[in-house]
Amino acid sequence: MRTATPAALAAALLVAGLAPLALAAPASAAVAKQYDDFNGDGYRDLAYVNSSAGISGPDGWEGGAVTIVYGKSGGLDTAHPKVIHQDSPGIPGTGEEDDMFGDSLSSADLNKDGYADLVVGNQTEQVGRSEYRGSVTVVWGSRSGLSGGTSVTPKSGANGEQAHFGSDLATGDFTGDGSPDLAVIGGSEAWLYRGPFTKSGSTGSVSKIDKVDGGWYSARLAAGKVNGDGKTDLVILGEQFHGTEVQTSAWFLKGSASGLTSGKTLTLSTGSGGLGPNAVIGDFDKDGYGDVAIGQPGKNNGRGSVTVWHGTSSGPTTTKDFSQNTAGVAGSAEADDNFAYDVSAADTNGDGYADLAVGVPYEDVDGLRDQGGVELFRGGPGGLSGSRSSWIPQTATGTADSDTSFGYALRLRDLTGDGKADLTVARSGSGFLLHGTSSTPTTTGLIELPDDGGDFLD
C-alpha cells in the first residue's frame, strides 16, 4: 500500500466550495472554478481508488480503477457512481493483472475548457517490453462528466523499464500564466509539463527538475502557495546521497514565470528504510503564506510525527513537530502506530484557518489491534496546536473492528458548498464522509462511499 498523499495540492485545493451554478456549458477557454468539478455544474466531485483495485472488476476489467462520485446539492450523488479503468471507452491502454491504474491521482482544468480533468497514474504499466515503465492518463471533463483520455508522453529518463512513471502527480499554475501545469514523478526524477494541454496529446515545454549537486532521487510531491506571490509552489520529497550517507529531505521550489526555482532543503531523517514521508500545504495561521505539513509515519520506529515547515514571503523557514507525545494529542506514541500515514489540509469549521487531518491507521484502541483513527488539528493564531486537536475514532462510523486501519487514507474538502471542509476517510474495504461543522466533523448524515478502496484524489 503506497502512503496516501496526500501530497500534491494546488492552492486552489484549499478554497471552499462555491455556490452551485446553473447547468450550462462553461465559456470557452475559461479555467474551471473548481479543480475537481468534472462536469462543470458548480459542485465539487470526489475521485478515489476503486475497491476492486488489484483484482478483476465486476465487469471483467482488471489492473485498477477509479471511482468518481459526482457532487450535487447538499453533497454527493452516491447512488450513481462512475468507474473508470483502462478498458473504459476512450481510455488508452489495456487493463492488465499487475497494473495500478489510479495509484496516484490529481486534477485540474488542463485544457482550459471550463471542466476539470482527472490525471491518473499507473506506475506499474508495461509499455512494449519495458516492465513497470508506468503511464499517466488525462481523463477529460465535460458537461456529462469524465470520459475519454489522452496519454502523457514521458521524456527520456522516465520511459524505460522500472521507471514507474506516474508514481506521484501534482497540478498547479507554477508559471503564473493562467494555464495549469502538471508535475510527474518518473525514473526517480520530477518532470514539469507546462500547460495548456490538448486532447491530441500536445503540451507546453517539458523540463526535468533536479538538484544541481546531484545524488537526488524524487519520490513524492505537494503543491500549493507558500510565499504568497500568486504562483503555485512545489515541495518534492526524496532522498539524497552524501557520500555513503543517505538523507530523506523536503525540497522547496518556488513558482516563477520560467518554471520552478530551487529553494531551501529541509533534512527530515538520515538513513533509508521505513515508510516514506508525505506532505500537504495549508495556511494554518492565516498569515497569507502556506505552511508545509510533512507526515513522517516511519519516524522513530513507526511512531510517526508531523513536521510543519512555516511559510513566509521567502519560502518555508522554521519548523515545529507534532506527535502523539505532544500535549493535548490523543493517545501515546507507540512503535508501528504510523502517526501521519496520511495528511490532508482544509478549513473544516469555516473560521478561515486551514486545519490538518492526520491518519493513525495502526493505532490499537480498547484492545482492538490496528483499529486506527484520525487526529484533527485546528488552525488558529500561531498555527497548529495540540490543545486545539481532537480524536475521531473508528466508532464514529458506527463500528469498531481490529485490523481495519481507519485513517490510512483521508481527504479534507468542502463537498457540500457550505464553507466547511468535509472529511472523507477510508478503512479496509470501505470509506465514509463526515460533514464539516463549526466544531469537529460530524457523524450526523454520515455517508458511506461506494466501492471505496482508499487513496483519494489529492
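pLDDT is the predictor's confidence in each residue, from 0 to 100. This is a predicted model, in which local features need pLDDT of at least 70, side-chain atom pairs count only at pLDDT 80 or more, and totals for chains, interfaces and linings use all residues. Residues are numbered from 1 along each chain as its sequence is written, and side-chain values use heavy atoms, with hydrogens and water left out.

**View 1. Confidence along the chain.** The protein chain has a mean pLDDT of 91, and 91% of its residues reach 70 or more. Residues 1-28 have a pLDDT below 50. Beyond near neighbours in sequence, this stretch has 106 contacts in the model (contact means heavy atoms within 4.5 Å).

**View 2. The largest nonpolar core.** A nonpolar core is a set of buried Ala, Val, Leu, Ile, Met, Phe, Trp, Tyr and Cys residues joined through side-chain atoms within 4.5 Å. Here, buried means under 20% relative accessible area, exposed over 50%, and partly exposed in between, with a 1.4 Å probe and protein chains only. The largest core has 17 residues, and those with the most contacts inside it include Phe284, Val306 and Phe377. At least two residues of this core come from each of β20 (305-309), β22 (343-346) and β23 (355-359). Strands are DSSP runs (E, at least two residues), numbered from the N terminus.

**View 3. Around phenylalanine 377.** Leaving aside residues up to four places away in sequence, what does phenylalanine 377 touch? Among its partners are Phe322, Val329, Phe339, Leu356, Val358 and Arg388.

**View 4. A four-stranded sheet.** Let's follow an open sheet with the order β6-β7-β8-β9 and antiparallel pairing. Two strands pair if DSSP finds at least two bridges between them. The edge strands, β6 (104-108) and β9 (149-151), each pair on one side only. On average, neighbouring strands of this sheet are turned by 25 degrees against each other, direction ignored; the axes are lines fitted to C-alpha atoms, and angles run from 0 to 180 degrees between N-to-C directions.

**View 5. Walking across the sheet.** Five bridges join β6 to β7 (residues 117-122), where serine 107 has leucine 118 as its bridge partner. Another step takes us from β7 to β8, again through five bridges, with valine 120 opposite threonine 137. Three bridges then join β8 to β9, and valine 138 stands opposite threonine 150.

**View 6. Both faces of β8.** In strand β8 (residues 135-139), five of five residues are buried. Ser135, Thr137 and Val139 lie on one side, and Val136 and Val138 on the other.
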